[in-house]
Amino acid sequence: MTGFASVEREAGAVTVLVDARSVNNRGLDVRIRLPQGLDGKEQEVRKAVGERFKRGSITLSISQRRAERETLFTVNTTQLSVYLDAIQDLASSGSVAAPRADGLLALRGVIETQSEAEEEEAPDLLPAIIDALDGLFADRGGEGARIVPIISAQLAEIERLRKEIDAHPERAPSAVKARLVGQMEDLLGQPGLSPERLHQEAALLATRADVREELDRLDAHVAAARDLLSKGGPVGRKLDFLAQEFNRETNTICSKAPHHEITALGLELKAVVEQFREQVQNLE
């Protein structure tokens, strides 16, 4: 879910600049920085984000740059006439000398500045934002395409370890029987123990130590994950759930393992499952 896109687009007399960034997040977290005075556009922007993304922490930084415009100077003739009338009255009484042109133009309100054009409406930000979001979507898609083969290899490794555990000699009925017989012989040498009760307990322990159900569920989860990857689309959250299921089954296998070699395989499986979980965080 990591990605970046930057867009610069003209919108009338304004240049709109958009930076879109994304990092991993289990849900969708959107942060938007709009230019001052354009806060009312936030809901429109959030809608555009929600139409394209379902997961990730997404930050949009939006700014605008106005083009420099020629400044025009005009003479406020109404204000100038007021000044001239007042000066003429004073001049006729001999109080002041006749003014010069530069002096008149320096009086407050005589010279006014105005923009070459009237103030335009607020710029349309959405086209530039959509371009940036589409670029971010493509960038994230490229990352996903690179990660899928890695996840597929991890699924293959989970499947390999699952088969190795299933085929381990210590899971064979003969090995289970020999181990239980040895344990029972040790117990039978102690007084006060009923052979019938020992057989019952041994059968119960054998059932509890069997990891057949966990191995079968692992097999089903691998198939489900491969099916999701083949379909494409926003499958990250579903794969994240499967990663939790992988972890749950692996923990049970480690706790029930009847032999230290199977425990070692379970721990190796657990490491691969953790790697799978980390990679899944990068998918939409």
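This is a predicted model: local features need pLDDT of at least 70, side-chain atom pairs count only at pLDDT 80 or more; totals for chains, interfaces and linings use all residues.
Biologist: How many helices and strands does the chain have?

Modeller: There are nine helices and six strands in the chain. The chain holds 284 residues, and 32% of them are buried. Its accessible surface is about 16900 Å², with 52% belonging to carbon and sulfur atoms.

Biologist: What share of the contacts with a separation of 6 or more joins residues 24 or more positions apart?

Modeller: Such pairs account for 80% of those contacts.

Biologist: How are two packed helices described?

Modeller: The description uses the angle between the two axes and the distance between the axes. Take helix 4 (residues 126–166) and helix 9 (residues 260–280). Their axes are 10 Å apart and the packing angle is about 165 degrees. Angles over 145 degrees count as roughly antiparallel, so helix 4 and helix 9 are roughly antiparallel to each other. Their crossing is left-handed.

Biologist: At what angle do helix 7 and helix 8 pack?

Modeller: Helix 7 (residues 212–231) and helix 8 (residues 236–256) pack at about 160 degrees, and their axes are 10 Å apart. That makes helix 7 roughly antiparallel to helix 8. The crossing of this pair is left-handed. Among the residues that meet are Leu215, Leu218, Val222 and Leu229 in helix 7, and Leu239, Leu242, Phe246 and Ile253 in helix 8. Charged residues take part too, including Glu214 and Arg217 in helix 7 and Lys238 and Glu245 in helix 8. The class count for the contact of helix 7 with helix 8 is 11 nonpolar, three polar and six charged.

Biologist: Are helix 1 and helix 4 roughly parallel or roughly antiparallel?

Modeller: The axes of helix 1 (residues 42–50) and helix 4 come within 10 Å and cross at roughly 25 degrees. That makes helix 1 roughly parallel to helix 4, because angles under 35 degrees count as such. Helix 1 passes helix 4 in a right-handed crossing. Glu44, Val45, Ala48 and Val49 of helix 1 make the contact with Leu126, Ile129 and Leu133 of helix 4. These residues divide into six nonpolar, no polar and one charged.

Biologist: Now single residues. Is Arg162 buried or exposed?

Modeller: A residue counts as buried if its relative accessible area is under 20%. Arg162 has 9%, so this arginine is buried. Arg162 is placed in helix 4. Leaving aside neighbours within four places in sequence, Arg162 is in contact with Arg212, Leu215, Asp216, Leu218 and Asp219.

Biologist: Is Pro169 buried or exposed?

Modeller: Pro169 counts as exposed, at 58% relative accessibility. This proline is found in the loop between helix 4 and helix 5 (173–188). Pro169 and Ile262 are 93 residues apart in sequence, with C-alpha atoms 9.7 Å apart in space.

Biologist: Where does Ile32 lie, and which residues does it touch?

Modeller: Ile32 lies in strand 3 (residues 28–33). Its relative accessible area is 15%, so Ile32 is buried. Apart from neighbours within four places in sequence, Ile32 is in contact with Glu42, Val45, Arg46, Leu60 and Ile62. Ile32 and Thr59 are 27 residues apart in sequence, and their C-alpha atoms are 5.9 Å apart in space.

Biologist: What can be said of Glu42?

Modeller: Glu42 is found in helix 1. With a relative accessible area of 27%, Glu42 is partly exposed. Leaving aside neighbours within four places in sequence, Glu42 is in contact with Ile32 and Leu34. The C-alpha atoms of Glu42 and Ile32 are separated by 7.3 Å, and the two residues are 10 residues apart along the chain.

Biologist: Which residues does Ser57 touch?

Modeller: Not counting residues up to four places away in sequence, Ser57 touches Arg21, Ser22, Val23, Asn24, Asn25 and Asp29. Ser57 lies in strand 4 (residues 56–66) and is buried, with a relative accessible area of 13%.

Notes
Residues are numbered from 1 along each chain as its sequence is written. Side-chain values use heavy atoms; hydrogens and water are left out. Helices (H or I, at least four residues) and strands (E, at least two) are DSSP runs, numbered from the N terminus. Buried means under 20% relative accessible area, exposed over 50%, partly exposed in between (1.4 Å probe, protein chains only). Contact means heavy atoms within 4.5 Å. Accessible areas come from the Shrake-Rupley method with a 1.4 Å probe; for residues, only the protein chains shown count as cover. Axes are lines fitted to C-alpha atoms, for helices over the stretch in contact, and angles run from 0 to 180 degrees between N-to-C directions. Angles under 35 degrees count as roughly parallel, over 145 as roughly antiparallel, 65 to 115 as roughly perpendicular and the rest as oblique. A crossing is left-handed if the near helix is turned anticlockwise from the far one by less than a right angle, and right-handed if clockwise.
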